[in-house]
Every structure is written in C-alpha cells, then in structure tokens.
Amino acid sequence: MLKLYWFAIQVYIAIVTKIAFYDSKGYDRRVFEALEVAHTGTSRSTELEWRYYDFRLSVQTASTAQGAEAVCVFVNDKLDRPCIEKIRNLGIRLVTLRCAGFNNVDLQAAGDFKLSVVRVPAYSPHAVAEHAVGIYLALNRKIHRAYNRVRELNFSLNGLVGHDVAGKTVGIIGTGKIGRIAAQIFHGFDTRVIAYDPAPDPAWAAGHGIKYARLDDLLRESDIISLHVPLTRETRYLLDADAISKMKNRVFIINTSRGKLIHTTALIEALKTGRIGGVALDVYEEEEGVFFEDHSDEVIMDDVLARLLTFPNVIITSHQAFLTEEALTEIARVTRENLVNFATGRPFLPGTTLA
Ligand code: NAI
C-alpha cells in the first residue's frame, strides 16, 4: 500500500510540466490564470506550472528557461538559431507560440535541434479583419482627430472631409482566414472587392461576389489595399517603391499583417509627395522593442517611425488587431491544450504543428 502511494507521488511529480512564459502582459496572465484555475482539480495528470516573465525570449535571456520543459512566446520573442540551441541545451523540448505568425522562429534550426514548435493558427480572424476595417474607417473619416478636437471643445469640421467607402475598389492581398473576412466586410460596404492570392479559392470568391485578379492589376485598380499575407522571403517588401508606383493616386493602404511587408522608407517617400491618400498600420517593420510598451517619457530613437507619426494621413496602432477577449481566450485554450497533450504524450491539435 505504502509502495503504491509512493509510486503515485512519483508519477504526480514527474508529470508537472513547467512552462517559461515570455513577454507576458497583464491581459495574457489574467486569461491564462483563469483557464488554469478552471482546470484545477479536474485532472491531476495534466498539472502545468507557469513561470511568467515580462521580458522577451532571445539568446540573451534564454538562460531563464532553465528548469522548464516548454517555452511560451509571442510575436517579438526572437528564436533564432543561437537561441534555439541554447534553450534546447537547457532541456526545452517545446515552443508554444501564442500567435499565428511564426517569422520570428527559425524553423530550420528547430528541426535540426529536434525542438517541437506549435502555434495558434486562428484565434480570431474576425478580430484582426475587424481591426483592419476599423483603422481604415477611423483614418478615412478622421475619427481620431475629431475625437481629440471635440474633447477640447473644438467643434469645427475643417480638415475632416473623408470619402464614401461605397463604390470604391478594395484590393485584398492574401485570402486566407483573415483576408476572407476583411473582403466580406468590405463587400458589405457596397464596394467592388478584388483579391490576389497565389493559392486562390474561386468557390469562396464566387460565393461572396469577389473576383481574383493579378497582383499588378489589383495594385493599379484598387482605391484601398489591405494586406493579409504572412511574412516570408517572398512577401518581404511586397509593397516596395515599384509596387507603390503602380498604385492609384491617393490610394489607402492597410497593413495588419507584418511590418516588413511594406518598405517603410518607400512608403514615406510616397506619402511626402502626396501620392498616397492614407496609411493605416497595426504593424511596423521595426516594431520589436517599441510596440507593446509605454515609451511616453522617452526620446524616440527610430527616425523612420518618428517621421511616419508626423503625417496627418497615417494612423498607427501598436499590433493590437488580435486583442479581443475572444481571441485571448482561444489563444490560451489552444496553447494549454497543446501543453497538456505534450505532457501526456498525445499528438498536438490538428494544424498547430510547425516543427
Ligand atoms: P492564413 O495562412 O490563413 O492566410 C494567408 C494567405 O496568404 C494564404 O491564403 C496564402 O496563400 C496567402 N499568401 C501567401 N503568400 C502570398 C503572396 N505572396 N501574395 C498574396 N497572398 C499570399 O493567415 P491568416 O490567419 O489570414 O493571417 C494573415 C497574417 O495576419 C498572418 O500571417 C500574420 O502575420 C497576421 N496576423 C496579425 C495579427 C495582428 O494582431 N496584427 C494577428 C494574427 C495574424
């Protein structure tokens, strides 16, 4: 009997899985902790022990993963080859990404070091698509400027003229989970929606009154262009000076995907000449180290970002398109389930494995 009891204790100790959680924010912790509380006592065999760090994982901080079996990271943690080698040597066997994009992880290195990598492929495509349309509408109708004016009792309308969205041509680049929803929302505004994707889905397009086009045609014909593609070697600087030169005069560009899809200095040059009507960004190519943090009492050192912020027709949010209760809950659910599967030797959830 005593032996059995001792065996049970050993099993219990052995299957507590420790996770080092990087770049944690209050809202992450609240949702992950609530989920853990909800599972407490439901099954001893899936005990997870979270160690929350507010700094990011990189080769410089990797030693803090010591003692954990898994790391849980977000978009700006830097898992390059040296970092992966280091955490692997510390005994890390799993990387769980709390996001869909994975351009910050060297998957080749993860494979070489036999490190599993999982992500949350779709937590709320609606959240991101709605934010893309939201920042475009705010920019077009100058709602952010009007809000500030009215709070100072300035009720003048000068400088607040926008455009009807109805009747415009909207170009959606990338018709995956998010791009499709953005396309459908824009279509609801009585616009003509055209799309480009190297892997098109003609049945979906036909069902929603959307037409696929060649990329060059989309760039030439669109009044509003919204990016919904992953950052890869092929899509890096998809919108460069050449692409921008093909666009309509006074085009509006929306980017909620990844900053490096746009060549920012080329964008600034076009903004300076007045060729671009407006730019709505939730991402920026050098956002790492700037976005997600409060720098309001510091000198801004990034001259490109500083210049971008001076344009009256540019609106920037700090990579918050995903930030809804529904999305956070789904991120926590998928991440936790994959960790439980990892701890109990079960396969990861379908579609989440990257390496
Ligand atoms: P997805 O994988 O469902 O769709 C991506 C689509 O892009 C696919 O249909 C693919 O064929 C297409 N594509 C690939 N290369 C292309 C190219 N060169 N030109 C045109 N299309 C191309 O991805 P999902 O879920 O729609 O996400 C899109 C991106 O949104 C993610 O990669 C991520 O970077 C970004 N994202 C941003 C968030 C935020 O908070 N701002 C949150 C979540 C995702």
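Y237 is placed in the loop between strand 9 (224-227) and helix 10 (241-246), where helices (H or I, at least four residues) and strands (E, at least two) are DSSP runs numbered from the N terminus. Although Y237 is not a glycine, its phi is positive, at about 55 degrees. At 22% relative accessibility, Y237 counts as partly exposed; buried means under 20% relative accessible area, exposed over 50%, and partly exposed in between, with a 1.4 Å probe and protein chains only. The structure is a predicted model, in which local features need pLDDT of at least 70 and side-chain atom pairs count only at pLDDT 80 or more, whereas totals for chains, interfaces and linings use all residues. Residues are numbered from 1 along each chain as its sequence is written, and side-chain values use heavy atoms, with hydrogens and water left out.

A positive phi of about 55 degrees is also found at K142, again not a glycine. K142 lies in the loop between helix 5 (125-141) and helix 6 (143-151), and with a relative accessibility of 18% this residue counts as buried. Most residues other than glycine have a negative phi.

Seven strands form an open sheet with parallel pairing, in the order 8-7-6-9-10-11-12. Strand 8 (211-212) and strand 12 (314-316) stand at its edges, and each has a single partner strand, so one side of each is left without a neighbour in the sheet. Two strands are taken to pair if DSSP finds at least two bridges between them. Strand 7 (residues 192-196) pairs with strand 8 in the parallel sense over two bridges, and I194 stands opposite K211 of strand 8. Strand 6 and strand 7 are likewise paired in the parallel sense, over five bridges, with Y196 in strand 7 as the bridge partner of I173. Strand 6 (residues 169-173) is mostly covered, five of its five residues being buried; T169, G171 and I173 lie on one side and V170 and I172 on the other, so that both faces are covered.

Another parallel pairing, over five bridges, joins strand 1 (residues 17-21) to strand 2, in which Y52 is the bridge partner of F21.

The space taken by the ligand is the largest pocket. On a 1 Å grid over the protein atoms alone, a pocket is an open set of points with protein on both sides within 12 Å along at least five of seven lines. The ligand is surrounded by 23 residues, of which the closest are K177, I178, D197, T256 and D282, a residue being near if one of its heavy atoms lies within 4 Å. An N or O atom in the side chain of D197 is 2.6 Å from an oxygen atom of the ligand, and an N or O atom in the side chain of D282 is 3.0 Å from a ligand nitrogen atom. A polar side-chain atom of H319 lies 3.5 Å from a nitrogen atom of the ligand. The protein covers 84% of the 860 Å² of accessible area that the ligand has on its own, as calculated by the Shrake-Rupley method with a 1.4 Å probe.

Note on methods
A polar contact is a pair of N or O atoms within 3.5 Å; within protein, one must be able to donate a hydrogen and the other to accept it, and residues adjacent in sequence count only if both atoms are side-chain atoms. On a 1 Å grid over the protein atoms alone, a cavity is a set of points where a 1.4 Å probe fits but cannot get out, and a pocket is an open set with protein on both sides within 12 Å along at least five of seven lines; lining residues have an atom within 4 Å of a point. A molecule sits in a cavity or pocket if more than half of its atoms lie within 2 Å of its grid points.
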